[in-house]
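Here is a briefing on one predicted model.

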Amino acid sequence: MRIQIINGPNINLLGKREPSIYGSVSFEDYLAQLRAKYADIQIDYFQSNIEGEMIDRIQQVGFEADGIVLNAGAYTHTSIALQDAIRAVTAPVIEVHISNVHARESFRHVSMISCACLGVICGFGLDSYRLAVEALLEKYKK
């Protein structure tokens with residue numbers, strides 16, 4: 001099984017950026033733990049602060065990967081282009097957020113990509129990624 005994680009803007013600053021909201025662990029450290037827990041799954045990782053690069057990655061892997069875990073960051077709330085990219089590929093996409101976006105500013109309550117995703121997981125810190133992996137594993141058990 002192959003799962004692609006795609007992180008958007010500012011996720012490269014995890015561990016440094018607003019630790020009261022996003023925690024103090026870098027994504028690279030968390031990714032090592034996730035890969036160790038799911039050693040039998042190929043978990044690929046991509047991060048970009050640039051919307052077009054995220055779209056390119058979705059298109060590159062979206063017909064081959066068994067699933068995509070996508071934290072689009074602030075593009076979640078603005079990007080019809082990401083929504084279109086998700087709809088264009090065959091891999092199921094799970095939208096992930098580290099914080100509970102519904103407990104934050106009102107502009108974060110609207111997602112432009114949720115309607116194109118298999119599901120949404122938010123508010124469980126970095127564990128949101130593990131929950132997304134588990135959801136994809138369950139999808140393929142059936």
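**Helix packing**

Helix H2 (residues 27-37) packs against helix H5 (residues 127-141) at an angle of about 30°, and their axes lie 10 Å apart. H2 is therefore roughly parallel to H5 (angles under 35 degrees). The model is predicted: local features need pLDDT of at least 70, side-chain atom pairs count only at pLDDT 80 or more, and totals for chains, interfaces and linings use all residues. Residues are numbered from 1 along each chain as its sequence is written, and side-chain values use heavy atoms, with hydrogens and water left out.

- The crossing of H2 and H5 is right-handed (the near helix is turned clockwise from the far one by less than a right angle).
- H2 brings Phe27, Tyr30, Leu34 and Lys37 to the contact, and H5 brings Asp127, Tyr129, Arg130 and Val133 (heavy atoms within 4.5 Å).
- This contact of H2 with H5 has 5 nonpolar, no polar and 3 charged residues.

**Cysteines**

- The structure holds 0 disulfides (pairs of cysteine sulfur atoms within 2.5 Å).
- Cys115 is in no disulfide; its nearest cysteine sulfur belongs to Cys117, 7.9 Å away.
- The closest cysteine sulfur to that of Cys122 is in Cys117, at 12 Å, which is too far for a bond.
- Cys122 counts as buried because its relative accessibility is 17% (buried is under 20% relative accessible area, with a 1.4 Å probe and protein chains only).

**Gly73**

- Gly73 sits in the loop between strand E3 (67-71) and helix H4 (80-88).
- Its relative accessibility is 15%, so Gly73 counts as buried.
- Gly73 and His97 are 24 residues apart along the chain, with 7.5 Å between their C-alpha atoms.

Methods: Buried < 20%, exposed > 50% of the residue type's maximum accessible area, 1.4 Å probe, protein only. Axes fitted to C-alpha atoms, helices over the stretch in contact; angles between N-to-C directions. Helix = DSSP H or I, 4+ residues; strand = E, 2+ residues; numbered from the N terminus. Parallel < 35°, antiparallel > 145°, perpendicular 65-115°, else oblique. Nonpolar A, V, L, I, M, F, W, Y, C, P; charged D, E, K, R; others polar.
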